[in-house]
Amino acid sequence: MKNRKIYIPPIKSQGIKSKLIEWIASNIADIEYEKWIEPFMGTGVVAFNIRPKKALLCDTNPHLINFYNAIKNKNITSAIVRKYLTQEGEKLLKSKGEYYYEVRQRFNETGNSLDFLFLSRSCFNGMMRFNQKGGFNVPFCRKPNRFAPALITKITNQVENISQIIEFGDYEFKTQNFTETLKEVSSNDLIYSDPPYIGRHTDYFNSWTEKDELLLKDGLYKSKAKFILSTWLSNKYRTNEYIFTIWKDCFAATKEHFYHIGGKEKNRNAIYEALLSNYPLPNSITNKELAERITENKSRLTTKQKEKIIIVQPTLF
Ligand SMILES: C[S@@+](CC[C@H](N)C(=O)[O-])C[C@H]1O[C@@H](n2cnc3c(N)ncnc32)[C@H](O)[C@@H]1O
């Protein structure tokens, strides 16, 4: 299969699924549906690359939804972004970085979508984190010359690409809890669900408990629509037991994914990603079979092994 070009949205987030798009796309290629529904859209990277004709994209974080609605309504365009980042980038440079904290305070008072973009692209590690009062609290990346012309061009191109994708589709963006979104689903829709992981990345918009996971399961099954759910299967230390309890009736497709701690090759760790669904996917097996594989210590990959395996030295990403 030819590699597809992945469109990266201008807003950054630690939970972004850009590296899994191709895999998700290959697993849903043959499914027909009326509307694509995402109760947890995050950066929107999955929908913007799958590019359904119609979509309902929701999240409890109003800043994400406001940002994409501003693009949809043309209150934010690539030209506006270029002008804004050039002006604000100069102030940041002149202040030796102090101006970041002025913008952060302004954003926490007004919720301005351009300021949200500025913070997302100049905060530490491109993180998205909000304090107990819902205020953005990530510190500065400590590079006063953050908005050099090349980065501004990159961001404006990202805004332009996403605005074209939104313009050619019939997309609705809503700030709402997943329970409300699931009430809007029809049986011929397809739901892509990417909830926060239980016990990880907790902040104002991202607390997630077993109770939420159970509510999600109920809502997904009650919708009678086809659904796929992104989660993790295992890492070096743990296996995600919820796959075999709450989601035991699902099918699972798995994919191995490597990351490096501190960029060192010896600290190379594998995580197995899982796509759960209520119908068979091209690369899936039942969760019961998956549990047997794990018990028997077979591969955790659900794709059939190719006869000839060529081992390629992995590169750092
Ligand atoms: C793992 S992220 C989604 C990432 C997204 N697929 C992407 O690639 O950018 C989970 C998202 O769920 C949202 N969220 C958390 N709790 C929620 C809830 N109860 N209802 C709806 N959205 C929620 C968070 O704000 C966050 O954007």
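Biologist: By class, how many nonpolar, polar and charged residues has the shell around the ligand?

Modeller: This is a predicted model, in which local features need pLDDT of at least 70, side-chain atom pairs count only at pLDDT 80 or more, and totals for chains, interfaces and linings use all residues. Residues are numbered from 1 along each chain as its sequence is written. The ligand is surrounded by 20 residues (C-beta atom, placed from the backbone, within 6 Å of it). With Ala, Val, Leu, Ile, Met, Phe, Trp, Tyr, Cys and Pro as nonpolar, Asp, Glu, Lys and Arg as charged, and the others, Gly among them, as polar, the shell has 9 nonpolar, 8 polar and 3 charged residues.

Biologist: Are α3 and α7 roughly parallel or roughly perpendicular to each other?

Modeller: Helices here are DSSP runs (H or I, at least four residues), numbered from the N terminus. The axes, lines fitted to C-alpha atoms over the stretch in contact, with angles from 0 to 180 degrees between N-to-C directions, come within 9 Å and cross at roughly 75° for α3 (residues 62-72) and α7 (residues 149-168). Since angles under 35 degrees count as roughly parallel, over 145 as roughly antiparallel, 65 to 115 as roughly perpendicular and the rest as oblique, α3 and α7 are roughly perpendicular.

Biologist: Which residues of α7 make the contact with α3?

Modeller: Residues are in contact if their C-beta atoms, placed from the backbone, lie within 7 Å. From α3 come Y68, I71 and K72. From α7 come V159, I162, S163 and I166.

Note on methods
Helices (H or I, at least four residues) and strands (E, at least two) are DSSP runs, numbered from the N terminus. Two residues are in contact if their C-beta atoms, placed from the backbone, lie within 7 Å.
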